[in-house]
Amino acid sequence: MTALHLPPGAGTTHLFLGSTMTVKAGEPQTGTTALSLIEQVCPPGFATPRHVHHKDDEAFYVLSGSIEVHCGDEVWHDGPGGFVLLPRALPHAFVNRGDEPLRLLQLTWPGGFEHFAADVAAAFPSGPPNPAVLTEIAAGHGYEIVGPPPQ
């Protein structure tokens, strides 16, 4: 592996379920599957379905805006500088209930989440996703959708 530098705004960008994901580091950039680092921008109202990562751990670091994270029976609200670590096998979801975009760094290890993001972006280039197809794509990458987004 060689050193990697990306200036601000650089990286491969995917439209992911209504948010924008810019891959800063993943398998294509590092030559390994050690980790994935993605900058994500989520509009107000964005929410993920409740889901489980079976193969990777996930962490979020909030850069701007606010996040509401649901993990098991717990709910956390964080703003800039907030950090959440979500070990694999725990059902979780997050929501942007704020009036401004939520900007965060998403770290998964081992890596590979960028491939899921690319597959979802290719399957749903515009408009809402077909839940059955999203569930199938997720399962192929070791993710299980277990419920709707938090209300």
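Student: Which residues of α2 are buried?

Tutor: Helices are DSSP runs of H or I with at least four residues, strands are E runs of at least two, and both are numbered from the N terminus. Buried means under 20% relative accessible area, exposed over 50%, and partly exposed in between, with a 1.4 Å probe and protein chains only. In α2 the buried residues are Phe113, Glu114, Phe116, Ala117, Val120 and Ala121. They sit on the same side of α2, because the arc they cover around the axis is only 155°; the arc is that of the directions from the helix axis to the C-beta atoms. The model is predicted: local features need pLDDT of at least 70, side-chain atom pairs count only at pLDDT 80 or more, and totals for chains, interfaces and linings use all residues. Residues are numbered from 1 along each chain as its sequence is written, and side-chain values use heavy atoms, with hydrogens and water left out.

Student: Which residues of α3 are buried, and which exposed residues are on the face turned away from them?

Tutor: Leu134, Ile137 and Ala138 are the buried residues of α3. Seen down the helix axis they fall within an arc of 100°, so they line one face of α3. The face turned away from that buried side carries the exposed residues Ala132, Glu136, Ala139 and Gly140.

Student: How many cavities of 30 Å³ or more are there?

Tutor: Rolling a probe the size of a water molecule over the atoms shows where empty space is left. On a 1 Å grid over the protein atoms alone, a cavity is a set of points where a 1.4 Å probe fits but cannot get out; a pocket is an open set with protein on both sides within 12 Å along at least five of seven lines; and lining residues have an atom within 4 Å of a point. Grid points are joined across faces, edges and corners, and a volume is the space filled by probe spheres set on the points. This model has 1 cavity of 30 Å³ or more. The largest cavity holds about 180 Å³ of space. It is lined by 18 residues, of which Phe16, Thr48, His51, Phe113 and Phe116 are the closest to its centre.

Student: Which elements each supply at least two residues of that cavity's lining, and how does the lining divide by class?

Tutor: The elements are β4 (50-53), β5 (57-64), α2 (113-123), α3 (131-140) and β11 (143-147). Ala, Val, Leu, Ile, Met, Phe, Trp, Tyr, Cys and Pro count as nonpolar, Asp, Glu, Lys and Arg as charged, and the others, Gly among them, as polar. On that scheme the lining has 12 nonpolar, 5 polar and 1 charged residues.

Student: What lines the largest pocket?

Tutor: The lining residues are Leu17, Gly18, Gly45, Phe46, Ala47, Pro49, Pro129, Leu134 and Pro149. By class they are 7 nonpolar, 2 polar and no charged. The space in the largest pocket is about 160 Å³.

Student: How many disulfides are there?

Tutor: A disulfide is a covalent bond between the sulfur atoms of two cysteines. The criterion is a pair of cysteine sulfur atoms within 2.5 Å, and the count is 0 disulfides. Cys42 is in none, and its nearest cysteine sulfur, that of Cys71, is 17 Å away. Cys42 is buried at a relative accessible area of 0%, and Cys71 counts as buried at 8%.

Student: How many salt bridges are there, and which residues are linked in a network?

Tutor: Side chains of opposite charge can pair when their charged atoms come close. A salt bridge here is a side-chain nitrogen of Lys or Arg within 4 Å of a carboxyl oxygen of Asp or Glu. There are 4 salt bridges, and Lys24, Glu39 and Arg103 are linked in a network of them. Lys24 pairs with Glu39, with the closest N and O atoms 3.7 Å apart. Lys24 lies in strand β2 (residues 19-25) and Glu39 in strand β3 (residues 36-42), 15 residues apart. Both Lys24 and Glu39 are buried. Glu39 also pairs with Arg103, at 2.6 Å between the closest N and O atoms. Arg103 is in strand β10 (residues 102-109), 64 residues from Glu39, and is partly exposed at 34% relative accessibility.

Student: Which parts of the chain does the salt bridge of Asp57 and Arg88 tie together?

Tutor: The N to O distance in this salt bridge is 3.2 Å. Asp57 lies in strand β5 and Arg88 in the loop between β8 (83-86) and β9 (92-95), so the pair ties together parts 31 residues apart in sequence. Asp57 is buried, at 15% relative accessible area, while Arg88 is partly exposed, at 34%.
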